[in-house]
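Open the structure in your viewer and keep the selection tool at hand. The stops below say what to select and what is there.

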Amino acid sequence: MASITDCVVEGLKYPFNDIKKLLGVGILCVIIDLISIVFTIKTVDVTKMIIGTLEKTNATGFNLNFSQLPNGDIYLAIAMLVVGFIVSLFIMGYQYDVVNFSINRKDDLPGFGDIVGMFIKGVKYFLVCLVYSIPSMIVAFLAILVSNNSSLWSVIMVISVLLIIICYFILIMALNNMIAHDSLKKAFDFSEIRGNISNLGWVKYIGTILFTVIVFMIINIAIGIVMSFLTVIFAATINNQAIVISIVISVIEALFVTSYCSVFFSRVCGSIYREAVK
Amino acid sequence: MILDIYKDSLEYSAKDWKTLVILGVICFFSFLLLPAFLITGYNYRVINTAVHGVINGRDPLPDFEDLISMFVDGVKFVIVQILYLLVPAIIFLIFALVAGQTNGVAASAIMIIGCIITFVAFVVAELMAQMGICHMAYNDGAFSKAFAISEIKEVIDEIGWFECIATFLGLIIITLVILFVVSAIIGIIFTAFGLSTAILGINPSSIFILGALINILITMFLVGPYLSIFNSRSIGLLYTMQI
C-alpha cells in the first residue's frame, strides 16, 4: 500500500457497507449512554441528599458513615453499573470481530448471530486491556501513596501518563496479535509483537495510530459542535425541556457517531496488522 | 517562468464557476469544522492535479466525489502545515523566555533579534511546508515524504530559493490586489447607487447595507474559492518547475 492514510480512508468508508449492523452497535452504545446519563442525574440527587444530611447532623464528609448515605438507590446504581459493564463487554466483542474481519480482508460488517461467542471475545478483549493498564495503574497508585510530597507526586504522575501512552501503543498491536491467532497467550508474546511493529516500522506504526486518533478526535469534536448547536437551538425554542432534549441529542449521537467511530477505529487497527504481517 | 505560472493558474481557477460556488457553500459551513477540512482537502487535490500535470496543459478541475478521502487529505494537509509551523513558534517561544529572564536594553535587543530570526524561520518553514505538501502529493500521498527534509531541500535548490520566495511574494500581492480591486469595484458601484438615491431624496442606508452584504457574499462564494484554487495551483506548478 502506498501510504498510511489509505488505511484510514478505507476504515472511514467501511462502516457504510452495512448500516443496519452499524445501528445494532449503535443500540448497544445507546444503552451505555442512557445508563451514564441516569447515573449523572442520580449523582446530582445523591450529592444533594448527602449535603442535606451533612447540614442536619453537623458531620463532615470524611466521618459520614456508610449507613448515613441514602441507601435506596445504591442497589439500583450497582445493578446499572453491572448492566453497563456487560453491554460494554458486548461492544468489545463486536470490536474484536471487526478487527478479525479487517485482518481477513472481509468487506462486510460482522453480524450478531453468536451472542455467547461475542461475550467471550469481549471478555478476552477486556482482559488484555486490563492487563496492559496495570503498569500505569501501579505507578498512579504509588503517586497517591506519596501524595504528601508535592514535587515527587507530579513526577510520578507524569511517568504514569507516559506509561499509559506507551502501553496503549503496544496494546493495539497486542490485541491484533491475539485476534489474528485467536489465542489469549499471543497478546503477551512481546517478541512477536515487537517483530510485527518493527516489520512495519516504528515511525510508521506510531504515525498511523496518531493520525487515526487525530481523525477520530476531529470527527468527534465536529459532531459535538453540531450536536451542541442543535441542543441549544431546540432548547431555546421549546420551553422547559432542556434535559429531555439533551438526552435525545446524546442518544442520537451515541446511535450513529459513537458506533461509527468505534467500528472505524477497530477497522484501522486491523488494517495496521494486515500491513505489518504482509 | 513565474509569470507563466500565474497566467496558467489564473485561467485554471476560472474554468468552472460551479466549483467555486460549491467551494463557497462548503466554506460558509466551515464553522462546523468538518467542511473546513474538505476545503483543505480540495486544495490538496488541486495541488495533486498540478504536480502531475503540465503547465499550460488542459488539466481539469478536480471533482467533489469521494468526500471521505478528501477529508483525510485535508487532515494531512493541516497536520503538515502545523508541524512545520511549530518550528518558528518554538524558536519564538525560546527567545521570548530568554528575553523574559533578562531586563532593560538586553531584553529588547534579544526580542528584536528573536523576531527577525523567527520571521526568517517562518518564511523558510512555510516554503518547506508548501513544497512538502507538493512532494507528498507527487509521491502518491506518502506521509513520510512531506517530512523528507533533504529531498524537499533538493527540490527547492533546483527551483531556486529566490524564485520560490519571489513566487510566494507575488502570490500574496496578487491575492491582496484581487481582493482589494473586487471589493473596491463593488463598493464604488454601490456608493454611486447610494449617492444617486440620496440625491433623489430617499434614505440610502439600506443600499449601503445591501452593498456590504453583496460584497461579503461575492468575496465568500466566488473570490475566496477562486483565490484558494489559484494559490494551490501556483504552488503545485512551482513544484513542477524543477529542472
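**Stop 1**

Select A:K186, which is partly exposed with a relative accessible area of 24%. Here buried means under 20% relative accessible area, exposed means over 50%, and partly exposed lies in between, with a 1.4 Å probe and protein chains only. A:K186 and A:E192 form a salt bridge, and their closest N and O atoms are 3.0 Å apart. The term salt bridge stands for a side-chain nitrogen of Lys or Arg within 4 Å of a carboxyl oxygen of Asp or Glu.

Before going on, note how to read the model. It is predicted, so local features need pLDDT of at least 70 and side-chain atom pairs count only at pLDDT 80 or more, while totals for chains, interfaces and linings use all residues. Residues are numbered from 1 along each chain as its sequence is written, chains are lettered from A and ligands numbered from 1 in the order in which they are written, and side-chain values use heavy atoms, with hydrogens and water left out.

**Stop 2**

How many salt bridges does the structure hold over all chains? The count is 14.

Select B:D8 and B:R233. They form a salt bridge whose closest N and O atoms are 2.9 Å apart. This pair links distant parts of the chain, since B:D8 is in helix 1 (residues 2-13) of chain B and B:R233 is in helix 8 (residues 205-239) of chain B, 225 residues apart. Helices are DSSP runs of H or I with at least four residues, strands are runs of E with at least two, and both are numbered from the N terminus. Are these two residues buried or exposed? B:D8 counts as buried at 5% relative accessibility, and B:R233 is buried with a relative accessible area of 0%.

Now select B:K76 and B:D73. Their salt bridge has its closest N and O atoms 3.9 Å apart. The two residues are separated by about one helical turn, because they are three residues apart in helix 4 (residues 67-101) of chain B. B:K76 is buried, with a relative accessible area of 2%. B:D73 is buried as well, with a relative accessible area of 15%.

Back in chain A, select A:E10, A:D107 and A:R267, which are joined into one network by salt bridges that share partners.

**Stop 3: two crossing helices in chain A**

Two packed helices are described by the angle between their axes and the distance between the axes. Select helix 3 (residues 74-103) and helix 4 (residues 115-145) of chain A: their axes come within 7 Å and cross at roughly 90 degrees. The axes are lines fitted to C-alpha atoms, for helices over the stretch in contact, and the angles run from 0 to 180 degrees between N-to-C directions. Helix 3 of chain A and helix 4 of chain A are therefore roughly perpendicular to each other. Angles of 65 to 115 degrees count as roughly perpendicular, under 35 as roughly parallel, over 145 as roughly antiparallel, and the rest as oblique.

To see where they meet, show side chains. Residues on the helix 3 side include A:F85, A:L89 and A:Y96, and those on the helix 4 side include A:M118, A:F119 and A:F126. Contact means heavy atoms within 4.5 Å. By class, the contact of helix 3 with helix 4 of chain A has 13 nonpolar, three polar and three charged residues. Ala, Val, Leu, Ile, Met, Phe, Trp, Tyr, Cys and Pro count as nonpolar, Asp, Glu, Lys and Arg as charged, and the others, Gly among them, as polar.

**Stop 4: two crossing helices in chain B**

Select helix 5 (residues 105-138) and helix 7 (residues 161-200) of chain B. Their axes come within 11 Å and cross at roughly 90 degrees. That makes helix 5 of chain B roughly perpendicular to helix 7 of chain B. The contact is made by B:V123, B:V124, B:L127, B:M128 and B:Q130 of helix 5 and B:W161, B:C164, B:I165 and B:F168 of helix 7. By class, this contact has eight nonpolar, one polar and no charged residues.

**Stop 5: whole chains**

Zoom out to chain A, which has eight helices and zero strands. Of its 278 residues, 38% count as buried. Chain B has eight helices and zero strands. Of the 243 residues of chain B, 43% count as buried.
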